[in-house]
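The sequence and the structure are shown first.

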Amino acid sequence: MESKERNSFTGSLGFVLAAAGSAVGLGNIWRFPYCAAKDGGGLYLFIYLIFALTFGFTLLVTEVALGRKTKQGPLTAYTIINPKWRWLGILSFGVPFIIYPYYCVIGGWVMKYMVTYIIGRGNVAVQDGFFGAFITGNWQPIVYTLLFSGACFYIVYKGVEDGIEKYSKILMPVLAIIVVFISIYALFLKATDASGVTRTGLQGAKIYIIPDFSGLTLKGILRICLDAIGQLFYSLSIAMGIMIAYGSYMKKNVDLKKSVNQIIAFDTGIAVLAGLMIIPTVFVFSGTEGLKAAGPSLIFVALPKIFNSLGLFGNILGALFFVMVLFAALTSAVSILEAITASLIDKYGWSRKKSVILMSVATFAVSLVVCLGYNIWYFELTLPNGAVGQILDVLDYLSNNILMPLIGILTCILIGWICKPLTVIDEMTLNGEKFGRKPLYIAMIKFVAPVLLFIILLTGLGII
(Lines give C-alpha, C1' and ligand atoms only; values in the text may rest on other atoms or scores of the structure.)
Protein backbone atom coordinates (compact mmCIF):
# COMPACT_ATOMS: atom_id res chain seq x y z
CA MET A 1 0.00 0.00 0.00
CA GLU A 2 2.71 2.45 1.02
CA SER A 3 4.91 1.97 -2.05
CA LYS A 4 1.93 2.49 -4.28
CA GLU A 5 0.77 5.68 -2.60
CA ARG A 6 4.11 7.30 -1.74
CA ASN A 7 5.45 8.90 -4.88
CA SER A 8 8.53 11.09 -5.01
CA PHE A 9 9.69 14.27 -6.63
CA THR A 10 11.35 13.53 -9.96
CA GLY A 11 14.54 15.32 -8.92
CA SER A 12 16.15 18.19 -7.07
CA LEU A 13 14.38 20.90 -9.09
CA GLY A 14 10.92 19.52 -8.38
CA PHE A 15 11.63 19.31 -4.66
CA VAL A 16 13.20 22.77 -4.45
CA LEU A 17 10.36 24.50 -6.31
CA ALA A 18 7.69 22.70 -4.29
CA ALA A 19 9.41 23.38 -0.97
CA ALA A 20 10.15 26.98 -1.97
CA GLY A 21 6.49 27.31 -2.93
CA SER A 22 5.60 26.28 0.58
CA ALA A 23 8.07 28.74 2.10
CA VAL A 24 7.04 31.64 -0.15
CA GLY A 25 3.68 32.58 1.28
CA LEU A 26 1.66 35.51 2.53
CA GLY A 27 4.24 36.19 5.25
CA ASN A 28 6.80 37.10 2.59
CA ILE A 29 4.41 39.53 0.93
CA TRP A 30 2.88 41.40 3.85
CA ARG A 31 5.05 40.80 6.94
CA PHE A 32 8.61 40.94 5.62
CA PRO A 33 8.31 44.43 4.03
CA TYR A 34 6.67 45.79 7.18
CA CYS A 35 9.42 44.40 9.45
CA ALA A 36 12.13 45.73 7.15
CA ALA A 37 10.55 49.20 7.04
CA LYS A 38 10.24 49.56 10.81
CA ASP A 39 13.53 47.86 11.71
CA GLY A 40 16.10 50.00 9.96
CA GLY A 41 15.89 48.80 6.37
CA GLY A 42 19.26 47.40 5.33
CA LEU A 43 20.17 46.56 8.93
CA TYR A 44 17.17 44.24 9.15
CA LEU A 45 18.06 42.66 5.78
CA PHE A 46 21.63 41.98 6.96
CA ILE A 47 20.53 40.45 10.27
CA TYR A 48 17.81 38.40 8.52
CA LEU A 49 20.36 36.96 6.09
CA ILE A 50 22.71 35.93 8.91
CA PHE A 51 19.93 34.09 10.71
CA ALA A 52 18.72 32.52 7.45
CA LEU A 53 22.15 30.92 6.90
CA THR A 54 22.41 29.68 10.50
CA PHE A 55 19.16 29.36 12.44
CA GLY A 56 16.93 28.85 9.39
CA PHE A 57 19.32 26.41 7.72
CA THR A 58 19.59 24.31 10.88
CA LEU A 59 15.87 23.86 11.45
CA LEU A 60 15.02 23.43 7.77
CA VAL A 61 17.69 20.84 7.05
CA THR A 62 16.68 18.94 10.21
CA GLU A 63 13.06 18.56 9.13
CA VAL A 64 13.87 17.68 5.51
CA ALA A 65 16.42 15.10 6.69
CA LEU A 66 13.91 13.56 9.12
CA GLY A 67 11.42 13.22 6.29
CA ARG A 68 13.85 11.62 3.86
CA LYS A 69 15.36 9.36 6.52
CA THR A 70 12.00 7.96 7.68
CA LYS A 71 10.03 8.26 4.40
CA GLN A 72 7.06 9.26 6.55
CA GLY A 73 4.80 12.25 7.08
CA PRO A 74 4.99 14.30 10.30
CA LEU A 75 2.47 12.18 12.22
CA THR A 76 4.63 9.02 12.08
CA ALA A 77 8.17 10.26 11.33
CA TYR A 78 9.00 11.03 14.96
CA THR A 79 7.82 7.55 16.01
CA ILE A 80 10.44 5.96 13.77
CA ILE A 81 13.17 8.26 15.08
CA ASN A 82 12.20 7.53 18.70
CA PRO A 83 9.01 5.60 19.59
CA LYS A 84 8.76 7.41 22.94
CA TRP A 85 8.39 10.71 21.07
CA ARG A 86 5.37 9.76 18.95
CA TRP A 87 3.37 12.48 20.72
CA LEU A 88 5.57 15.07 19.02
CA GLY A 89 4.27 13.72 15.72
CA ILE A 90 0.71 14.33 16.92
CA LEU A 91 1.60 17.96 17.70
CA SER A 92 3.24 18.30 14.26
CA PHE A 93 0.06 16.99 12.65
CA GLY A 94 -2.09 19.37 14.69
CA VAL A 95 -0.33 22.55 13.54
CA PRO A 96 -1.07 22.25 9.79
CA PHE A 97 -4.58 21.04 10.62
CA ILE A 98 -5.16 24.28 12.57
CA ILE A 99 -3.47 26.56 10.03
CA TYR A 100 -4.95 25.22 6.79
CA PRO A 101 -8.61 26.23 7.39
CA TYR A 102 -7.88 29.90 8.12
CA TYR A 103 -5.21 30.05 5.42
CA CYS A 104 -7.89 29.02 2.92
CA VAL A 105 -10.11 31.85 4.20
CA ILE A 106 -7.32 34.38 3.60
CA GLY A 107 -6.66 32.75 0.22
CA GLY A 108 -10.33 33.38 -0.56
CA TRP A 109 -9.86 37.08 0.28
CA VAL A 110 -6.94 37.24 -2.15
CA MET A 111 -9.00 35.51 -4.85
CA LYS A 112 -11.84 38.02 -4.34
CA TYR A 113 -9.49 40.95 -4.92
CA MET A 114 -7.85 39.26 -7.90
CA VAL A 115 -11.24 38.73 -9.55
CA THR A 116 -12.24 42.34 -8.76
CA TYR A 117 -9.17 43.67 -10.57
CA ILE A 118 -9.34 41.22 -13.46
CA ILE A 119 -12.91 42.32 -14.31
CA GLY A 120 -11.73 45.95 -14.23
CA ARG A 121 -13.42 47.04 -11.00
CA GLY A 122 -10.31 48.03 -9.07
CA ASN A 123 -11.93 51.39 -8.29
CA VAL A 124 -14.51 49.56 -6.18
CA ALA A 125 -11.82 47.87 -4.08
CA VAL A 126 -10.59 51.22 -2.75
CA GLN A 127 -13.95 52.38 -1.41
CA ASP A 128 -14.05 52.79 2.36
CA GLY A 129 -15.42 49.70 3.99
CA PHE A 130 -15.04 47.43 0.94
CA PHE A 131 -12.75 44.97 2.72
CA GLY A 132 -14.77 45.02 5.93
CA ALA A 133 -18.05 44.58 4.08
CA PHE A 134 -16.66 41.62 2.18
CA ILE A 135 -15.23 39.62 5.09
CA THR A 136 -18.36 40.22 7.21
CA GLY A 137 -20.67 39.08 4.39
CA ASN A 138 -22.79 35.98 4.79
CA TRP A 139 -21.96 34.07 1.63
CA GLN A 140 -19.18 35.65 -0.50
CA PRO A 141 -16.30 34.78 1.88
CA ILE A 142 -17.55 31.19 2.03
CA VAL A 143 -17.79 30.91 -1.76
CA TYR A 144 -14.28 32.24 -2.31
CA THR A 145 -12.91 30.03 0.48
CA LEU A 146 -14.54 27.05 -1.24
CA LEU A 147 -12.97 28.00 -4.59
CA PHE A 148 -9.52 28.42 -3.07
CA SER A 149 -9.68 25.21 -1.05
CA GLY A 150 -11.05 23.43 -4.13
CA ALA A 151 -7.93 24.40 -6.11
CA CYS A 152 -5.75 23.09 -3.26
CA PHE A 153 -7.75 19.87 -3.13
CA TYR A 154 -7.30 19.27 -6.86
CA ILE A 155 -3.53 19.74 -6.79
CA VAL A 156 -3.00 17.51 -3.73
CA TYR A 157 -5.47 14.93 -5.08
CA LYS A 158 -3.35 14.62 -8.23
CA GLY A 159 -0.40 13.52 -6.12
CA VAL A 160 3.24 14.49 -5.75
CA GLU A 161 4.50 14.33 -9.35
CA ASP A 162 1.32 15.09 -11.29
CA GLY A 163 0.00 17.60 -8.76
CA ILE A 164 2.37 19.37 -6.38
CA GLU A 165 5.54 19.19 -8.50
CA LYS A 166 3.81 19.87 -11.82
CA TYR A 167 1.99 22.98 -10.63
CA SER A 168 4.94 24.25 -8.57
CA LYS A 169 7.06 24.21 -11.72
CA ILE A 170 4.46 26.47 -13.35
CA LEU A 171 3.38 28.72 -10.48
CA MET A 172 6.77 29.49 -8.93
CA PRO A 173 8.54 30.79 -12.08
CA VAL A 174 5.46 32.89 -12.98
CA LEU A 175 5.34 34.27 -9.43
CA ALA A 176 9.04 35.17 -9.60
CA ILE A 177 8.60 36.95 -12.96
CA ILE A 178 5.67 39.02 -11.68
CA VAL A 179 7.55 39.98 -8.49
CA VAL A 180 10.61 41.06 -10.48
CA PHE A 181 8.47 43.09 -12.92
CA ILE A 182 6.55 44.96 -10.22
CA SER A 183 9.75 45.52 -8.21
CA ILE A 184 11.47 47.17 -11.16
CA TYR A 185 8.36 49.21 -11.99
CA ALA A 186 8.13 50.43 -8.38
CA LEU A 187 11.58 52.00 -8.62
CA PHE A 188 10.42 54.37 -11.37
CA LEU A 189 7.25 55.59 -9.65
CA LYS A 190 6.98 59.31 -8.88
CA ALA A 191 4.23 61.37 -7.28
CA THR A 192 3.66 64.81 -5.76
CA ASP A 193 1.34 65.12 -2.77
CA ALA A 194 -1.04 67.96 -1.86
CA SER A 195 1.69 69.84 0.00
CA GLY A 196 3.91 69.87 -3.08
CA VAL A 197 6.38 67.26 -1.86
CA THR A 198 7.60 64.92 -4.61
CA ARG A 199 8.63 61.39 -3.71
CA THR A 200 10.17 58.73 -5.96
CA GLY A 201 10.44 54.97 -5.88
CA LEU A 202 14.24 55.19 -5.69
CA GLN A 203 13.93 57.22 -2.49
CA GLY A 204 11.70 54.51 -1.07
CA ALA A 205 14.23 51.86 -2.12
CA LYS A 206 16.96 53.73 -0.21
CA ILE A 207 14.82 53.60 2.94
CA TYR A 208 14.51 49.86 2.40
CA ILE A 209 18.10 49.00 1.50
CA ILE A 210 20.33 51.51 3.35
CA PRO A 211 20.71 50.75 7.08
CA ASP A 212 19.25 53.34 9.44
CA PHE A 213 21.26 53.55 12.68
CA SER A 214 19.56 56.68 14.03
CA GLY A 215 18.51 56.24 17.65
CA LEU A 216 19.64 52.63 17.61
CA THR A 217 20.17 51.04 21.03
CA LEU A 218 21.16 47.59 22.26
CA LYS A 219 17.50 46.94 23.05
CA GLY A 220 16.62 48.06 19.52
CA ILE A 221 19.13 45.63 18.00
CA LEU A 222 17.71 42.79 20.09
CA ARG A 223 14.20 43.68 18.89
CA ILE A 224 15.36 43.62 15.26
CA CYS A 225 17.00 40.24 15.83
CA LEU A 226 13.82 38.88 17.37
CA ASP A 227 11.72 40.21 14.47
CA ALA A 228 14.11 38.64 11.94
CA ILE A 229 14.12 35.27 13.73
CA GLY A 230 10.33 35.27 14.05
CA GLN A 231 9.83 36.16 10.39
CA LEU A 232 12.32 33.51 9.29
CA PHE A 233 10.74 30.87 11.50
CA TYR A 234 7.30 31.37 9.94
CA SER A 235 8.55 32.10 6.42
CA LEU A 236 10.43 28.81 5.97
CA SER A 237 7.43 26.68 7.04
CA ILE A 238 9.40 25.33 10.00
CA ALA A 239 7.65 23.25 12.70
CA MET A 240 4.53 22.81 10.57
CA GLY A 241 5.22 19.25 9.45
CA ILE A 242 5.42 20.42 5.83
CA MET A 243 9.15 20.00 5.27
CA ILE A 244 9.06 16.56 6.87
CA ALA A 245 6.35 15.52 4.40
CA TYR A 246 8.18 17.05 1.42
CA GLY A 247 11.49 15.57 2.59
CA SER A 248 9.86 12.13 2.61
CA TYR A 249 9.31 12.50 -1.14
CA MET A 250 12.96 13.43 -1.82
CA LYS A 251 15.04 10.78 -3.57
CA LYS A 252 18.08 9.47 -1.72
CA ASN A 253 20.53 10.54 -4.45
CA VAL A 254 19.61 14.24 -4.18
CA ASP A 255 22.11 16.54 -2.44
CA LEU A 256 20.07 17.50 0.63
CA LYS A 257 22.29 20.38 1.80
CA LYS A 258 22.39 21.96 -1.64
CA SER A 259 18.62 21.70 -2.03
CA VAL A 260 17.99 23.33 1.37
CA ASN A 261 20.36 26.18 0.47
CA GLN A 262 18.41 26.71 -2.77
CA ILE A 263 15.11 26.81 -0.86
CA ILE A 264 16.48 29.44 1.52
CA ALA A 265 17.90 31.45 -1.39
CA PHE A 266 14.59 31.38 -3.30
CA ASP A 267 12.50 32.21 -0.24
CA THR A 268 14.80 35.04 0.87
CA GLY A 269 15.05 36.38 -2.68
CA ILE A 270 11.27 36.59 -3.05
CA ALA A 271 10.95 38.20 0.40
CA VAL A 272 13.58 40.84 -0.43
CA LEU A 273 11.94 41.53 -3.80
CA ALA A 274 8.54 41.80 -2.10
CA GLY A 275 10.01 44.55 0.04
CA LEU A 276 11.47 46.23 -3.02
CA MET A 277 8.05 45.97 -4.65
CA ILE A 278 5.94 47.24 -1.75
CA ILE A 279 8.03 49.73 0.25
CA PRO A 280 8.91 52.12 -2.63
CA THR A 281 5.31 51.96 -3.89
CA VAL A 282 3.79 52.76 -0.52
CA PHE A 283 6.40 55.45 0.17
CA VAL A 284 5.73 57.29 -3.11
CA PHE A 285 2.01 57.65 -2.46
CA SER A 286 1.78 57.59 1.33
CA GLY A 287 5.19 58.67 2.66
CA THR A 288 6.85 57.15 5.71
CA GLU A 289 3.51 57.10 7.55
CA GLY A 290 2.11 54.67 5.00
CA LEU A 291 4.92 52.21 5.76
CA LYS A 292 3.44 51.60 9.20
CA ALA A 293 0.60 49.56 7.70
CA ALA A 294 1.02 45.83 8.24
CA GLY A 295 -0.79 42.57 7.60
CA PRO A 296 -4.15 42.56 5.82
CA SER A 297 -4.41 46.36 5.94
CA LEU A 298 -1.33 46.64 3.74
CA ILE A 299 -2.48 44.17 1.10
CA PHE A 300 -6.22 44.81 1.07
CA VAL A 301 -6.46 48.51 1.97
CA ALA A 302 -3.24 50.48 1.36
CA LEU A 303 -2.06 48.98 -1.94
CA PRO A 304 -5.47 49.09 -3.70
CA LYS A 305 -5.57 52.86 -3.06
CA ILE A 306 -2.18 53.15 -4.72
CA PHE A 307 -3.26 51.07 -7.71
CA ASN A 308 -6.36 53.25 -8.07
CA SER A 309 -4.21 56.40 -8.29
CA LEU A 310 -2.46 54.97 -11.36
CA GLY A 311 -5.60 54.89 -13.51
CA LEU A 312 -6.09 52.12 -16.06
CA PHE A 313 -2.57 50.79 -15.69
CA GLY A 314 -3.12 50.63 -11.93
CA ASN A 315 -5.95 48.17 -12.53
CA ILE A 316 -3.64 46.00 -14.65
CA LEU A 317 -0.89 46.27 -12.03
CA GLY A 318 -3.39 45.38 -9.30
CA ALA A 319 -4.52 42.31 -11.21
CA LEU A 320 -0.90 41.17 -11.66
CA PHE A 321 -0.17 41.81 -8.00
CA PHE A 322 -3.10 39.76 -6.72
CA VAL A 323 -2.36 36.95 -9.20
CA MET A 324 1.12 36.86 -7.69
CA VAL A 325 -0.21 36.89 -4.12
CA LEU A 326 -2.71 34.15 -5.02
CA PHE A 327 0.08 31.95 -6.39
CA ALA A 328 2.09 32.49 -3.19
CA ALA A 329 -0.92 31.63 -1.04
CA LEU A 330 -1.84 28.61 -3.19
CA THR A 331 1.59 26.95 -3.13
CA SER A 332 1.78 27.40 0.65
CA ALA A 333 -1.74 26.11 1.26
CA VAL A 334 -1.10 23.07 -0.94
CA SER A 335 1.94 22.17 1.15
CA ILE A 336 -0.08 22.47 4.37
CA LEU A 337 -2.82 20.19 3.04
CA GLU A 338 -0.20 17.73 1.80
CA ALA A 339 1.36 17.52 5.28
CA ILE A 340 -1.89 16.32 6.88
CA THR A 341 -2.83 14.15 3.90
CA ALA A 342 0.55 12.39 3.89
CA SER A 343 0.19 11.79 7.63
CA LEU A 344 -3.06 9.83 7.17
CA ILE A 345 -1.63 7.86 4.26
CA ASP A 346 1.40 6.82 6.30
CA LYS A 347 -0.41 6.25 9.59
CA TYR A 348 -3.42 4.29 8.39
CA GLY A 349 -2.40 3.07 4.93
CA TRP A 350 -5.34 4.88 3.35
CA SER A 351 -5.36 5.86 -0.31
CA ARG A 352 -4.48 9.42 -1.29
CA LYS A 353 -8.04 9.87 -2.56
CA LYS A 354 -9.61 8.90 0.76
CA SER A 355 -7.11 10.89 2.83
CA VAL A 356 -7.35 14.14 0.89
CA ILE A 357 -11.15 14.01 0.71
CA LEU A 358 -11.44 13.43 4.46
CA MET A 359 -8.99 16.22 5.31
CA SER A 360 -10.54 18.65 2.83
CA VAL A 361 -14.05 18.13 4.22
CA ALA A 362 -12.92 18.33 7.86
CA THR A 363 -10.83 21.48 7.34
CA PHE A 364 -13.51 23.20 5.25
CA ALA A 365 -15.90 22.77 8.16
CA VAL A 366 -13.41 24.71 10.30
CA SER A 367 -13.05 27.29 7.50
CA LEU A 368 -16.80 27.89 7.70
CA VAL A 369 -16.45 28.61 11.42
CA VAL A 370 -13.64 31.08 10.64
CA CYS A 371 -15.75 32.86 8.00
CA LEU A 372 -18.71 33.11 10.35
CA GLY A 373 -16.37 34.49 13.00
CA TYR A 374 -16.58 37.83 11.20
CA ASN A 375 -20.37 38.06 11.31
CA ILE A 376 -22.78 35.91 13.37
CA TRP A 377 -20.02 34.52 15.65
CA TYR A 378 -18.04 37.74 15.95
CA PHE A 379 -16.24 38.43 19.21
CA GLU A 380 -13.15 40.26 20.38
CA LEU A 381 -10.67 38.41 22.57
CA THR A 382 -7.50 39.89 24.07
CA LEU A 383 -4.67 37.41 23.55
CA PRO A 384 -1.68 36.91 25.91
CA ASN A 385 0.60 38.84 23.54
CA GLY A 386 -1.66 41.89 23.77
CA ALA A 387 -3.34 41.52 20.37
CA VAL A 388 -7.12 41.60 20.06
CA GLY A 389 -8.62 39.10 17.66
CA GLN A 390 -11.44 36.94 16.38
CA ILE A 391 -11.59 33.20 15.58
CA LEU A 392 -9.00 33.47 12.79
CA ASP A 393 -6.62 35.39 15.05
CA VAL A 394 -7.06 32.88 17.88
CA LEU A 395 -6.18 29.96 15.58
CA ASP A 396 -3.23 31.90 14.18
CA TYR A 397 -2.00 32.74 17.68
CA LEU A 398 -2.33 29.16 18.92
CA SER A 399 -0.45 27.69 15.95
CA ASN A 400 2.17 30.38 15.25
CA ASN A 401 2.91 31.74 18.70
CA ILE A 402 2.56 28.63 20.86
CA LEU A 403 2.64 25.29 19.04
CA MET A 404 5.24 26.06 16.34
CA PRO A 405 7.93 27.42 18.72
CA LEU A 406 7.17 24.54 21.12
CA ILE A 407 7.56 21.92 18.38
CA GLY A 408 10.77 23.61 17.26
CA ILE A 409 12.20 23.47 20.78
CA LEU A 410 11.21 19.82 21.24
CA THR A 411 12.70 18.86 17.87
CA CYS A 412 15.99 20.50 18.87
CA ILE A 413 15.98 18.55 22.14
CA LEU A 414 15.18 15.26 20.37
CA ILE A 415 17.84 15.63 17.66
CA GLY A 416 20.41 17.61 19.63
CA TRP A 417 20.40 15.65 22.89
CA ILE A 418 18.46 12.38 22.69
CA CYS A 419 19.05 10.95 19.20
CA LYS A 420 22.16 13.11 18.68
CA PRO A 421 22.97 15.37 15.67
CA LEU A 422 24.50 12.46 13.71
CA THR A 423 20.91 11.36 13.06
CA VAL A 424 20.61 14.27 10.63
CA ILE A 425 24.29 14.61 9.65
CA ASP A 426 24.44 11.00 8.43
CA GLU A 427 21.41 11.61 6.20
CA MET A 428 22.97 14.80 4.82
CA THR A 429 26.23 13.05 3.91
CA LEU A 430 24.54 9.86 2.70
CA ASN A 431 26.10 10.04 -0.77
CA GLY A 432 29.49 11.28 0.37
CA GLU A 433 28.54 14.96 0.31
CA LYS A 434 30.74 17.30 2.34
CA PHE A 435 29.19 19.19 5.25
CA GLY A 436 31.44 22.13 6.07
CA ARG A 437 28.92 23.62 8.46
CA LYS A 438 28.84 20.50 10.66
CA PRO A 439 30.27 22.23 13.80
CA LEU A 440 27.86 25.15 13.29
CA TYR A 441 24.94 22.75 12.87
CA ILE A 442 25.76 20.90 16.09
CA ALA A 443 26.10 24.14 18.07
CA MET A 444 22.85 25.51 16.61
CA ILE A 445 20.69 22.40 17.11
CA LYS A 446 21.94 21.77 20.67
CA PHE A 447 22.25 25.26 22.10
CA VAL A 448 21.47 28.33 19.99
CA ALA A 449 18.26 27.34 18.16
CA PRO A 450 16.36 26.08 21.24
CA VAL A 451 17.25 29.25 23.17
CA LEU A 452 16.07 31.48 20.30
CA LEU A 453 12.87 29.46 19.96
CA PHE A 454 12.27 29.69 23.69
CA ILE A 455 12.54 33.48 23.45
CA ILE A 456 10.00 33.45 20.59
CA LEU A 457 7.68 31.33 22.74
CA LEU A 458 8.00 33.71 25.70
CA THR A 459 7.28 36.66 23.42
CA GLY A 460 4.18 34.92 22.09
CA LEU A 461 3.01 34.28 25.63
CA GLY A 462 3.44 37.97 26.42
CA ILE A 463 6.06 37.25 29.10
CA ILE A 464 8.75 39.38 27.42
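Helix α5 (residues 74–81) is mostly covered, since 6 of its 8 residues are buried. Here buried means under 20% relative accessible area, exposed over 50%, and partly exposed in between (1.4 Å probe, protein chains only). Helices (H or I, at least four residues) and strands (E, at least two) are DSSP runs, numbered from the N terminus. The model is a predicted one: local features need pLDDT of at least 70, side-chain atom pairs count only at pLDDT 80 or more, and totals for chains, interfaces and linings use all residues. Residues are numbered from 1 along each chain as its sequence is written, and side-chain values use heavy atoms, with hydrogens and water left out.

The buried residues of α5 are Pro-74, Leu-75, Thr-76, Ala-77, Tyr-78 and Ile-81. Their cover includes α4 (42–70), α6 (86–118), α13 (242–247), α16, α18 (391–418) and α19 (422–428). Contact in this report means heavy atoms within 4.5 Å.

A nonpolar core is a set of buried Ala, Val, Leu, Ile, Met, Phe, Trp, Tyr and Cys residues joined through side-chain atoms within 4.5 Å. The largest such core has 163 residues, among which Phe-55, Trp-109, Phe-321 and Phe-322 touch the most other members. Helix α16 (residues 311–348) supplies the largest share of this core, with 20 residues. Apart from neighbours within four places in sequence, Phe-321 is in contact with Ile-29, Ile-182, Met-277, Ile-299, Leu-303 and Phe-307.

Asn-315 is placed in helix α16. This residue is buried, with a relative accessible area of 15%. Not counting residues up to four places away in sequence, Asn-315 touches Tyr-117, Gly-120, Arg-121, Gly-122, Asn-123 and Phe-307.

**Crossing of α6 and α9**

How do the axes of α6 and α9 cross? The axes of α6 and helix α9 (residues 140–157) come within 7 Å and cross at roughly 105°. That makes α6 roughly perpendicular to α9. Axes are lines fitted to C-alpha atoms, for helices over the stretch in contact, and angles run from 0 to 180 degrees between N-to-C directions. Angles under 35 degrees count as roughly parallel, over 145 as roughly antiparallel, 65 to 115 as roughly perpendicular and the rest as oblique.

On the α6 side, the residues that meet α9 are Tyr-100, Tyr-103, Cys-104, Val-105, Gly-107, Gly-108, Met-111, Lys-112 and Val-115. Their counterparts in α9 are Gln-140, Tyr-144, Thr-145, Leu-147, Phe-148, Ser-149 and Cys-152. By class, this contact has 10 nonpolar, 5 polar and 1 charged residues. Ala, Val, Leu, Ile, Met, Phe, Trp, Tyr, Cys and Pro count as nonpolar, Asp, Glu, Lys and Arg as charged, and the others, Gly among them, as polar.

**Aromatic pairs**

Rings of Phe, Tyr and Trp (its six-membered ring) pair if their centres lie within 6.5 Å; planes under 30 degrees apart count as stacked, over 60 as edge-to-face and the rest as tilted. By this rule there are 29 aromatic pairs. Two of them are tabulated below.

| Pair | Centre distance | Plane angle | Class |
|---|---|---|---|
| Phe-57 and Phe-435 | 6.3 Å | 45° | tilted |
| Tyr-185 and Phe-313 | 5.0 Å | 50° | tilted |

Phe-57 lies in helix α4 and Phe-435 in the loop between α19 and α20 (438–460), so this pair ties together parts that are 378 residues apart in sequence. Phe-57 is buried at 2% relative accessible area, and Phe-435 is buried at 11%.

Tyr-185 lies in helix α10 (residues 160–187) and Phe-313 in helix α16, so that pair ties together parts 128 residues apart in sequence. Tyr-185 is partly exposed at 24% relative accessibility, and Phe-313 is partly exposed at 32%.

Ring pairs also link Trp-109, Tyr-113, Tyr-117, Phe-130, Phe-131, Phe-300, Phe-307, Phe-321, Phe-322 and Tyr-374 into a cluster.

**Backbone angles in two loops**

Most residues other than glycine have a negative phi. Ser-237, in the loop between α12 (218–235) and α13, has a positive phi near 60°. Ser-237 counts as buried at 4% relative accessibility. Lys-420 lies in the loop between α18 and α19 and has a positive phi of about 75°. Lys-420 is partly exposed, with a relative accessible area of 42%.
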